[in-house]
Amino acid sequence: MTEPTSDLALIPLGGTGEIGLNLNVYRCDGALLAVDCGIGFGGTDTPEAEVMVPDAGWLAERRDKLVGLVITHAHEDHLGAVAPLWPQLRCPIYASPFASAVLRRKLGEAGLLHQAELHTIPLGGSLELGPFAMRFLRVAHSVPEAQALSIRTSYGTVLHTGDWKLDPNPLLGLPTDEAGFEALGREGVLAMVCDSTNALVEGYSGSEADVRRELTTLIGELRGRVAVTCFATNVARVESIAHAARANGRQVALFGRSLRNADAAARECGYLKDTPPFLSEDEAGYLPDEELLIVCTGSQGEPRSALSKIAADTHPNISLGEGDTVIYSSRQIPGNERAIARVQDQLRRAGCRVVTADERQVHVSGHPAKGELKRLYELVRPRFSVPVHGEWRHLEQHAELARAIGATPILIEDGDVLELSGNKPDVVDSVPTGRLAIDGDRLLPLEGGVLSARRRMLFNGVIVASLAVDRDGRVRGEPQVSAPGLFEQLDAAPGQIAAELARAVEELPLNLRRDDDPLREAARAILRRALGRRLRKRPMVDVHLLRV
């Protein structure tokens with residue numbers, strides 16, 4: 001299908017119909033604008049992938065039309081994929097001072113800092129790229145300098161909210177600019193593309209100030225070592241934890257690289273000015289238990305995080321046990337429940353008390369509940385509502401709320417091309433989307449050969465045989481069979497299978513034994529049958545064939 005050169009369309013490549021992986025593309029008169037570029041975490045349905053990014057192949061093929069990538073805020077699900085995907089996109093990046101500081105560290109770690117064109121836009125600033133005239137609007141969220149994006153085009157204005165909430169006292173930064181949203185509404189908004197994360201939650205999300213008070217009270221009740229885990233870029237929460245620790249005679253140490261990077265970025269941008277420098281991991285071990293509080297990564301059960309290592313008692317610098325407390329000052333991202341429960345079980349088994357937001361008010365969400373959504377719709381009064389940033393149940397509930405307030409909702413999902421420039425917005429096409437797993441320094445498609453093989457090995461195991469034959473196909477010596485994950489170390493089965501392989505190969509037709517490829521495939525079939533009879537499994541099978 002030929003792509004139009006005179007229209008306005010929204011094309012989500014990630015984050016619509018799912019949590020995380022946010023990547024939205026706006027098309028106007030043939031030009032493309034990308035908004036956010038984030039990661040997602042693997043769950044029980046993708047055990048072979050710990051961290052994923054959206055597949056930006058469709059956008060990369062059109063990068064000559066891509067005028068820029070705009071970042072709304074510094075959360076991983078909105079900017080964590082910039083460094084992995086920028087080599088495909090190679091476009092200018094625009095972000096606030098704090099998001100720019102976070103991105104510089106990420107791009108530096110990836111060796112891209114001097115290649116990527118990163119522009120810092122002041123808070124509340126404006127930006128014009130091709131047919132897109134943009135203005136940032138301040139919103140409260142659980143990270144400094146979150147901003148919504150007003151996108152003016154010749155077809156009308158689209159408000160892209162990013163992540164936001166209404167918090168009268170966010171502690172770090174100013175509250176959401178309700179007057180600015182109301183003014184935008186008076187000018188007229190064609191469509192509001194809006195956060196749906198908490199569309200199932202009644203009322204309001206709560207204030208960061210309430211969490212600070214509760215943390216101060218709770219930490220004052222505790223003895224022994226105290227650990228608090230939270231999202232690294234929630235600088236207001238880190239400041240609250242430090243405030244609560246200081247009020248109770250404790251010093252604070254940071255555990256985890258992402259926390260240290262966020263701390264450095266925050267101080268670079270003028271935040272945490274009244275918070276003394278945090279202790280290093282090495283220094284923490286020398287403090288008496290009653291004087292120590294650690295802030296650590298790992299609130300989502302990430303296997304390589306500081307908290308996971310502490311729970312497994314494999315961290316080189318700190319340990320927690322009987323009489324110590326771990327506070328989860330965070331929410332569970334859908335899909336991470338089992339990983340989080342595993343870490344919490346390990347902590348409890350070691351004798352730690354675990355405190356979550358179900359027990360005390362140690363966390364409030366950074367996303368709008370129903371009351372806040374209703375308020376924003378009343379201010380902005382968009383003609384059309386496009387729920388994004390949520391699973392389908394969140395999008396549906398958001399759509400119902402928008403309809404009740406007078407906006408016409410349009411439900412879309414990743415890959416849909418939503419034309420906004422006609423008489424009535426409609427999905428007119430679709431583009432290919434998907435997810436890629438970060439595997440070291442490379443990106444692998446989830447349905448590609450490498451991860452499919454890894455998935456098969458995970459559930460069915462692998463068997464590898466080394467077979468030496470002469471030019472006439474006679475077996476020389478004993479084949480060697482290895483089957484990790486299928487048999488116990490002293491099991492006799494691998495030796496029996498090796499002998500069975502040798503006998504079966506000798507019985508194959510002579511012309512087949514003289515041809516490497518058919519012989520190798522026949523040996524694989526022999527091994528599959530042997531494993532099938534013993535274990536009723538179909539493992540990955542590989543044969544190393546050596547002609548002697």
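Select Phe181 first. Leaving aside residues up to four places away in sequence, Phe181 touches Leu137, Arg138, Val139, Ala148, Leu159, Thr176, Leu376, Leu379 and Val380. Keep in mind as you go that this is a predicted model.

**The cores.** Now widen the view around that phenylalanine. Phe181 belongs to the largest nonpolar core, which has 93 residues. Colour Leu59, Ile71, Leu293 and Ile327 along with Phe181, and you have the residues with the most contacts inside this core. Helix H7 gives the most to it, with seven residues. There is also a second, separate core of 28 residues; pick out Ala31, Phe136, Val158 and Val386, which are among its members. As background, nonpolar side chains tend to be buried together in soluble globular proteins.

**Two helices side by side.** Next, show residues 208–221, helix H6, together with residues 235–247, helix H7. Their axes are 8 Å apart and the helices pack at an angle of about 30°. Turn the view and you can follow H6 passing H7 in a right-handed crossing. On the H6 side, the contact is made by Glu208, Val211, Arg212, Leu215, Thr216 and Ile219. On the H7 side, look for Ala236, Arg237, Glu239, Ser240, Ile241, His243, Ala244 and Ala247. What kinds of residues make up this contact of H6 with H7? Seven are nonpolar, three are polar and four are charged.

**The open sheet.** Time to switch to a cartoon view. Eight strands form an open sheet in the order E8-E7-E6-E3-E2-E1-E21-E22, and the pairing is mixed. Go to the edges: strand E8 (118–120) and strand E22 (426–430) each have a single partner strand, so one side of each is left without a neighbour in the sheet. From one strand to the next, the twist averages 25°.

Zoom in on strand E6 (residues 66–70) and strand E7 (residues 93–95), which pair in the parallel sense over two bridges. Select Leu69 and you'll find its bridge partner in E7, Ile93.

Now hop to Asp36, in the loop between strand E3 (31–35) and strand E4 (40–41). Asp36 has a positive phi of about 70° although it is not a glycine. Buried or exposed? With a relative accessible area of 1%, Asp36 is buried.

**Last stop: a hairpin.** Finish with strand E23 (residues 435–439). Three bridges join strand E5 (residues 51–54) to E23, and the two run antiparallel; select Met52 to find its bridge partner in E23, Ala437. E23 is also joined to strand E24 (residues 442–445) by four bridges, again antiparallel. There, Ile438 has Leu443 of E24 as its bridge partner. The hairpin of E23 and E24 has two residues between the strands, and Gly440 takes a positive phi near 70° in it.

How values were computed. Residues are numbered from 1 along each chain as its sequence is written. This is a predicted model: local features need pLDDT of at least 70, side-chain atom pairs count only at pLDDT 80 or more; totals for chains, interfaces and linings use all residues. Side-chain values use heavy atoms; hydrogens and water are left out. Axes are lines fitted to C-alpha atoms, for helices over the stretch in contact, and angles run from 0 to 180 degrees between N-to-C directions. A crossing is left-handed if the near helix is turned anticlockwise from the far one by less than a right angle, and right-handed if clockwise. Contact means heavy atoms within 4.5 Å. Ala, Val, Leu, Ile, Met, Phe, Trp, Tyr, Cys and Pro count as nonpolar, Asp, Glu, Lys and Arg as charged, and the others, Gly among them, as polar. A nonpolar core is a set of buried Ala, Val, Leu, Ile, Met, Phe, Trp, Tyr and Cys residues joined through side-chain atoms within 4.5 Å. Buried means under 20% relative accessible area, exposed over 50%, partly exposed in between (1.4 Å probe, protein chains only). Two strands pair if DSSP finds at least two bridges between them.
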